[in-house]
Amino acid sequence: MAGKAPQISNDDAEEIRRQYERERSRRLKQQGTDQYNFTEGELAHFADDPYAAELAPRQPLTEELDVLIIGAGFGGIEAGATFRKNGIDNFRMLDVASDFGGTWYWNRYPGLRCDVESYIYLPFLEDTGYMPTERYVRGAEIFAYCQLLGRHFRLYDRALFQTKVVAMEWDEKQARWIVETDRGDRFCAQFVVTQSGIFSRPQLPGIPGITEFKGHAFHSARWDYAYTGGTTEGDMTGLADKDVGVLGTGATGLQVIPELARSARSLTVFQRTPTAVGVRDNSPTDPDWFKSLPKGWQKAREKSFNQLASGEDVDCPVDDGWSRFFRRMVDAANALPAGQQTLEAIGEAQELADYEYNEIVRARVEEHVSDPQTASMLKAYYRTLCKRPGFSDNYLPVFNRDNVNLVDVSEGIDRISADGVIVNGKAHKLDCLIFCTGFELGTTWSHQAGYDIKGRNGAKISDKWAQGLVTYHGLFSHGFPNIFFMGLTQTGTTINVPHMLQEQVDHLTFIIAHCLRNDCRTVEATQQAEAEWQQVIAAKNELRRPFQDACTPGYFNAEGRAEDRRSAIGSGMYFPSSEFFEMWENWRMRGDFEGLTVA
Ligand code: NAP
């Protein structure tokens, strides 16, 4: 993929633009995000935990805490580990799952791997001394690493699993959060850190008849190995005599489909939008290289990756599909003559560079897929960052197999029937239907979190954020003191999610440590700082709006209705994130807690 780019003329560019628009309009749906079904009512069982340990009986706890952490995925783990490193030990961690891992607890589907280089994705490698076995390790290794972090930072004795928050209310008199759980616990915590998961709640397609299917159906984030047999490495013997259908060809579909193709009698892939599939180029870690890395290498590596992704012209040792794409963007801007590097000119140059890159990605489909009609269906026609780009070396060749059938559903599926899926009047009979249809990302924060929060004067976060998040720097919200909202919350956002979460944790740990040291009771965003931040975020989004509006529908642009701001993603983010993190670092150095009332 480093290959020489085809030259794109202005006429070519115009035609590509028209084609992107045609493909986009075919997929646009009036309902936007509301087209989806969630794991509620008749579909609630799709969220059941197939990996749950037997519910261990325990006495309800009543505790006074410095901090309560909600969520034991990477965000929670990084918070707990950082608290330990800073001598903050009076904390608890809660999660509905039976172990650490978050996304990596829930997602155990065959073929699952990290899609960002493991050396920057897995946090605390220098603390633990752990060497990832490969450049892009398997999901099972990441899950095991989360457990290792739990042991290394002594988090297991602070964690309460299979425990769900049912109520959270600010107690003004005590200046404490009172948090209750479904296990009868009652915590009285000075601070709450919530990272309620980005990819935790499965999303199901809004296809008529979804409840009528009489075969076996499940979501990729709740893999049913009891039915399929095999392990995360594949070899699903239970599918050898089964006709399997898979719906969804995003990052998950890309990893699952090659494994299903090897195991199932037949596999029908229902594709609405193809993913652009770049080179993966995985390889085992060279232990000598890993041992030779100097102190501080991991932070430096993740920082340079994010700087490059943020458009900075830096040397980045991560040489992969992501970094090569961003290098192209930086080079396109640099190639403009001095004095002509206006935002508009950079945008145009990068658009052309993106078209060139995508021509290479589309040509790659032809190299790997022998049937021209199938190859043409697998070509992606949208700008690279409209959707999360894919990287795989075993996905495209799957479509040369005799037992694999690709069905175009770009204009919809008629319905799901008792024995299969009907597309354009044609019935595809199936024993098993697997939904790789992603996660609930377009609904409100409280819907995704699964609980509400009552702040000062009983005000509910679900009301305040009914039409989208309103925060200061993402972490803070006026009227809700002493609670830190981690995740994709109007903040600097990175491709490498654990990096973003660690930046948030560093910031909130600085504040919590200050308060504990100085006996401050409360920390709260001022109304003015919050209002100003809303303007900053709105301006950033306006800049990005033309790009988003031209994108094929997906969760990055509220399924083509960018004006739908309900969700955390829809509420906007700050870019470039390298600038945001630098701004936070300076904020901490100044030590004046600008925008917060610390009392
Ligand atoms: P996704 O990107 O949201 O993809 C969902 C898929 O389901 C899309 O192909 C979508 O088609 C399809 N779909 C939804 N409704 C449909 C309908 N009614 N008919 C037909 N198709 C339908 O979900 P995902 O693949 O699970 O990935 C979600 C995110 O998780 C990724 O963006 C990535 O950030 C993360 N992830 C990371 C890794 C990793 O390796 N680290 C692996 C997996 C996932 P459209 O594209 O047309 O909407």
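In the predicted model, a search of the whole structure identifies 45 salt bridges. Side chains of opposite charge can pair when their charged atoms come close.

Glutamate 212 and arginine 415 form a salt bridge in which the closest N and O atoms are 2.8 Å apart. This pair links distant parts of the chain, 203 residues apart: glutamate 212 belongs to the loop between strand E8 (203-204) and E9, and arginine 415 to strand E15 (residues 415-417). Both residues are partly exposed, glutamate 212 at 37% relative accessibility and arginine 415 at 30%.

A further salt bridge joins lysine 429 to aspartate 419, with 3.4 Å between the closest N and O atoms. Because lysine 429 lies in strand E17 (residues 426-429) and aspartate 419 in the loop between E15 and strand E16 (420-423), the pair ties together parts that are 10 residues apart in sequence. Lysine 429 has a relative accessible area of 59% and is therefore exposed, whereas aspartate 419, at 36%, counts as partly exposed.

In the salt bridge between arginine 456 and glutamate 524, the closest N and O atoms are 2.5 Å apart. Here too the pair links distant parts of the chain, 68 residues apart, with arginine 456 in the loop between helix H14 (445-449) and helix H15 (461-464) and glutamate 524 in strand E20 (residues 523-525). Arginine 456 is partly exposed at 21% relative accessible area, while glutamate 524 is buried at 9%. Elsewhere, a network of salt bridges links Glu14, Glu15, Arg17, Arg18, Arg22 and Glu351.

An open sheet with parallel pairing is formed by 5 strands in the order E9-E18-E10-E11-E14. On average, neighbouring strands are turned by 20 degrees against each other, direction ignored. Within the sheet, strand E10 (residues 243-247) and strand E11 (residues 266-271) pair over 5 bridges in the parallel sense, and leucine 247 has phenylalanine 270 in E11 as its bridge partner. Helix H8 (residues 251-263) packs on the sheet, where it touches E10, E11, E14 and strand E18 (432-435); the direction of H8 makes about 155 degrees with that of E11.

Cysteine 515 is located in helix H16 (residues 497-518) and, at 1% relative accessibility, counts as buried. Beyond residues up to four places away in sequence, cysteine 515 touches Phe191, Cys520, Val523 and Val598. The C-alpha atoms of cysteine 515 and valine 598 are separated by 8.1 Å, although the two residues are 83 residues apart along the chain.

Methods
Residues are numbered from 1 along each chain as its sequence is written. This is a predicted model: local features need pLDDT of at least 70, side-chain atom pairs count only at pLDDT 80 or more; totals for chains, interfaces and linings use all residues. Side-chain values use heavy atoms; hydrogens and water are left out. Helices (H or I, at least four residues) and strands (E, at least two) are DSSP runs, numbered from the N terminus. Buried means under 20% relative accessible area, exposed over 50%, partly exposed in between (1.4 Å probe, protein chains only). Contact means heavy atoms within 4.5 Å. Two strands pair if DSSP finds at least two bridges between them. Axes are lines fitted to C-alpha atoms, for helices over the stretch in contact, and angles run from 0 to 180 degrees between N-to-C directions. A salt bridge is a side-chain nitrogen of Lys or Arg within 4 Å of a carboxyl oxygen of Asp or Glu.
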